[in-house]
Amino acid sequence: MSLKLLIPDIGDFDNVEIIEILVKKGQKINKNDPVVTLESDKSSVEVPSNYEGEVESVSVKIGDKVSKGDLILTLSSNEEKNNEKIPPVTEKIIQEAESSIQKTKDKIETEDKKTQSKILKDEVKIVVNNKDIDPLETKDWLDSISAVLEKDGKHRAQFLIKELIEHSYKAGSDLVLSRTTPYINTISPEAETKSSGDQNIERRIRSLIRWNAAAMVVRANKKFPELGGHIGTFASAATLYDVGMNHFWRAKNNKFSGDLIYFQGHSAPGIYARAFLEGRLNEKQLDSFRQEVKKGGLSSYPHPWLMPHFWQFPTVSMGLGPMLAIYQARFMKYLINRGLIKDEGRKVWAFLGDGEMDEPESLGAIGLAAREKLDNLIFVVNCNLQRLDGPVRGNGKIIQELEGIFRGGGWNVIKVIWGSYWDSLLANDKSGHLVKIMNETVDGEYQAFKARDGLYVREKFFGKYPQALELVSSMSDKDIWRLNRGGHDPHKVYAAYDEAVKNTGSPTVVIAKTIKGYGMGKTGESVNTTHQQKKLDVDDLLYYRDRFDVPLSDEQVRNVEYFKPDENSEEIKYIKQRRIELGGFIPERTYYSKPIKAPSEDIFDFMKKSTGEKEMSTTMALVRMLTNLLRDKNVAPKLVPIIPDEARTFGMEGFFKKIGIYAHEGQKYEPEDAAQLSSYREEKSGQVLEEGINEAGSMSSWIAAGTSYTNHDVEMIPIYIFYSMFGFQRTGDFAWAAGDSQARGFLIGATAGRTTLAGEGLQHQDGHSHLIASTIPNCVSYDPTFHYELAVIFREGLKRMHEKNENIFYYITTMNENYSHPEMPKNCEEGILKGMYKIKDCSRYKKNKIQLLGSGAILREMMAAAEILQNDYQIDSEVWSVTSFNELRKNGLEIERYNLLNPEKEKRISYVEKCLGKTEGPILAASDYMRMNSDQIRPYTSKSFYSLGTDGYGRSDTRKNLRRFFEVDKQHIVAYALSVLSKEQLIASKYAEEAIKKYNIDKNKPIPTKL
Ligand SMILES: Cc1ncc(C[n+]2csc(CCOP(=O)(O)OP(=O)(O)O)c2C)c(N)n1
Ligand SMILES: [Mg+2]
């Protein structure tokens, strides 16, 4: 039958232009194949076919203006017309819902069985509480719930408790809800899974790692006290890492893609110390800790840039690790759901300090982790109760606080507070007084206990209640001192990790209590100054050796010697065997991803032609280019568009329907705009990462995608498009970490420029992002004006980063000002990429000349100014399009350095000088950024150089008024150019004076930085 394909609902637009026809008469097409591209003044979008069939006739041509319901083409097809209906999402939703109900049911049943086997057989304890007016009645209730737990499992018990709470609320009581549990371990001793490891050997290995880590810091500081380093952090975390290394973390190899571990920055010495025992690092390397200038040194903290075969993730800027890990885990699921990697049950582990959790970024994304059910994510928060200056929560309890926050956020929370020596005490605490003390004691006290001794703990802790004191009456002070904390007990840590890796449906946080500076003795253990302790005197070292039974003589201790047992020793064999069984060493950074072939030139050809009368912004040109890239079979699946709730601002809403928005649960509702061409389509295999108003999250996603080549061995092309003002300045530290991580991809600062965004005002108008971008050594940045410049830059970016695997990333600004774009001039590609090329030569009068350099939005003002100078003042000029002052500066720096270091060699010429050296007249440069942007190249030319720019706070007004205000409009450029020429004594000053008058330029207006 013959079917008509009509223009669908295109939202608010009417009379939209057809800019491409993608099918021909006689062509066979599939359902959803794009047939034409429409372009409004804001965005371009492809129209897909609703049917499969053969094109009979095409009823539109390029340039036609169409509206909803207009005929595009007719098709001969075997399909029934009712396909025209909106896809039956509803049915899919029902199917998905049914299957998820069944899965949940199955899960509940198995979990209930599991709980039943773990229930305490003990009688219920009566927790003494002053508010309890009838302890016996309390006991009745508690006994009842115990019976339910034993008979019907935890879900039934939780259900009854929930019902009770709701019932009492309805009956008039306040809502009683607690997100915290008593200050004891989440996993009861009976429910702990036991490690199969040899605990004696593991302890010996851990002791050696502890020793070597401390020795490394002490030795470095003996040589050069300025080097610094940390002992206390790793000392508190050694067991947390060791259990993971010996039993849980699977390395990348040819059979498995590897777990990903974010190590806490300050624990780096411990990770090196383990690598030393594993034979991956030698003594010489340990002795180069923090001395990286000479090749082979070990970086102070995890920095993939400095140790590209070792460290995978930079973490030492606190707060970045937690967010990066969350988005890393999410990106792993994204790749799985898009079918780009297999689901191998890999995990992302992030080790965090309890002080670090105060960074807003640390907790800022935990909601996303729960919402996206990231059961591939495990946080381990090392609660040593201290940060740099003192206690994290002296007057409170950080563990309880974190428990409440994470549980409230939907995480699976596992508290590891007490070590095994406490088990029997807690079991004998029939009156509940011990738990009561535990609950009542604040972190400041807990810290102080561990800075004292057993007697102090007996008196101040157990001594609070006679019943608790009685519990320890038969224990010596030494025994009391040995009562360990959960995070130092490998059994407890093992059990927690075991549960964490088995948990499904939510992320897990293991909150482990430890002691900062564990084992460091009186000068380091649990004292406020621990964090910065980098030296240990001989007595401390001897104490440390004895505490951990390190087999070194006093003399060796005095010399702070490392200790590595013989290759055939039990310890070395064991440590290696464990890693062999877990697939290799960790951390290790490798990549085996296949490069992505850059698309052929011709897919960018349309951007090299003039747009004629048609006006468009560079943002629109970018979206058009991306639409074209999505037709390239190599590139299309690898593109990861990342948008923080700005797709409509940038005219990218067409991507929603075309490639879908990633949503791990698909789309459970029929979108309000389902019938529209740019409908908000969410899909499990969706490609767009729509991050919501969350630039830090978007940046974390971008880093995850940009490092996918190493973390997943799949090269991806992330394109994160944002309001340029909310880019580098908002999330600059992430950008720095991206450079360190060697992320590859595009950052697009859209709606850029101080005078180009017009109405948005001070907080939105960006006049400095390029300067911030220039601070990142491997960031390549451009400020293009015309669509062909954008095409040349983007293609080169694809080639350099994704085909040739250069470890750089691109920052490109695009604007939202509409204008027509000229055809690409001949032979300008090299100049576009190097940073400047001549775009216009006005040489009619051959008397006086000036070099006009314009960038981004201001280039067109420069070009217009050149016309005025020529027509009204008989001044010739050459106009240069500067696509990147940053790139020009980089070249200038290098050349200047070479020349200074090689005074006897022939002088090399910077690219700026190559362009401008032999030209006539002074230089006047301007951009829509601060003057400092163009001033960057001033040292690399021998000519007189003046610059204009948009220094000062932005404000809302029309573009014309803003450019006048910041003195970068064509009239100001003309007046300043005349003034420059008069200053250079090439023309009389009266011309400049006249122009200033003519253009009503107020000389008395303060410089905009003061307004
Ligand atoms: C963003 C940031 N701010 C400040 C610091 C400086 N700093 C380094 S470690 C530290 C204290 C860390 O305490 P915590 O997170 O509890 O780690 P711990 O060493 O106790 O395990 C501080 C403030 C930093 N590295 N990053
Ligand atoms: Mg801490």
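**A first walk through the model**

Reader: How far is Arg744 from the ring centre of Tyr709?
Author: Keep in mind that this is a predicted model. Arg744 lies over the face of Tyr709. A charge counts as sitting over a ring if, among other things, it is within 6 Å of the ring centre. Here the distance from the ring centre is 3.5 Å.

Reader: And which residue lies over the face of Tyr421?
Author: This is another charge over a ring, with 4.8 Å to the ring centre of Tyr421. The residue lying over that face is Arg482.

Reader: How many aromatic pairs does a search of the whole structure find?
Author: A pair of aromatic rings is described by the distance of the centres and the angle of the planes. Searching the whole structure that way, the count of aromatic pairs comes to 51.

Reader: Are the planes of Trp211 and Tyr544 stacked, tilted or edge-to-face?
Author: The ring centres of Trp211 and Tyr544 are 6.3 Å apart, with the planes at 35°. Under 30 degrees would be stacked and over 60 edge-to-face. The angle of 35° falls between those limits, so the pair of Trp211 and Tyr544 is tilted.

Reader: How many residues apart in sequence are the parts that Trp211 and Tyr544 tie together?
Author: Trp211 is in helix α4 and Tyr544 in helix α19. Trp211 is buried at 1% relative accessibility, and Tyr544 is buried too, at 2%. Going by their places in the chain, the pair ties together parts separated in sequence by 333 residues.

Reader: Where does Tyr494, the partner of Phe248, lie?
Author: The rings of Phe248 and Tyr494 have centres 5.0 Å apart and planes at 50°, so this pair is tilted. Phe248 is buried at 8%, and Tyr494 is buried at 11%. Phe248 sits in helix α5, and 246 residues away in the chain is Tyr494, in helix α18.

Reader: Which residues coordinate the magnesium ion (ligand 2)?
Author: The donors follow the spacing D-x29-N-x1-Q along the chain. The Asp comes from the loop between β10 and α9, and the Asn from the loop between β11 and α11, 30 residues apart. Those two, Asp354 and Asn384, are both buried. At 2.0 to 2.1 Å, the coordinating residues are Asp354 (OD), Asn384 (OD1) and Gln386 (O).

Reader: Which residue has its backbone oxygen 2.7 Å from a polar atom of the side chain of Ser236?
Author: Ser236 is in helix α5 and is buried at 0% relative accessibility. Setting aside neighbours within four places in sequence, Ser236 contacts residues including Asn384, His488 and Lys516. The backbone oxygen 2.7 Å from its side chain, though, belongs to Thr233.

Reader: How far apart in space are Ile398 and Lys847?
Author: Ile398 is found in helix α11 and is buried, with a relative accessible area of 1%. Beyond four places in sequence, the residues it touches include Asp354, Cys383 and Asp443. Lys847 is 449 residues away from Ile398 in sequence, and the C-alpha to C-alpha distance is 76 Å.

Reader: Which residues have the most contacts inside the largest nonpolar core?
Author: That core has 87 residues, and a second, separate core of 86 residues includes Val457 and Tyr662. The residues with the most contacts inside the largest core are Phe746, Phe794 and Leu924.

Methods: Residues are numbered from 1 along each chain as its sequence is written. Chains are lettered from A and ligands numbered from 1 in the order in which they are written. This is a predicted model: local features need pLDDT of at least 70, side-chain atom pairs count only at pLDDT 80 or more; totals for chains, interfaces and linings use all residues. Side-chain values use heavy atoms; hydrogens and water are left out. A nonpolar core is a set of buried Ala, Val, Leu, Ile, Met, Phe, Trp, Tyr and Cys residues joined through side-chain atoms within 4.5 Å. Buried means under 20% relative accessible area, exposed over 50%, partly exposed in between (1.4 Å probe, protein chains only). Rings of Phe, Tyr and Trp (its six-membered ring) pair if their centres lie within 6.5 Å; planes under 30 degrees apart count as stacked, over 60 as edge-to-face and the rest as tilted. Helices (H or I, at least four residues) and strands (E, at least two) are DSSP runs, numbered from the N terminus. A charge sits over a ring if NZ of Lys or CZ of Arg is within 6 Å of the ring centre and within 35 degrees of the ring normal. Donors are N, O and S atoms within 2.8 Å of the metal (3.2 Å for Na, K and Ca); water is not among the atoms, so sites may look incomplete. A polar contact is a pair of N or O atoms within 3.5 Å; within protein, one must be able to donate a hydrogen and the other to accept it, and residues adjacent in sequence count only if both atoms are side-chain atoms. Contact means heavy atoms within 4.5 Å.
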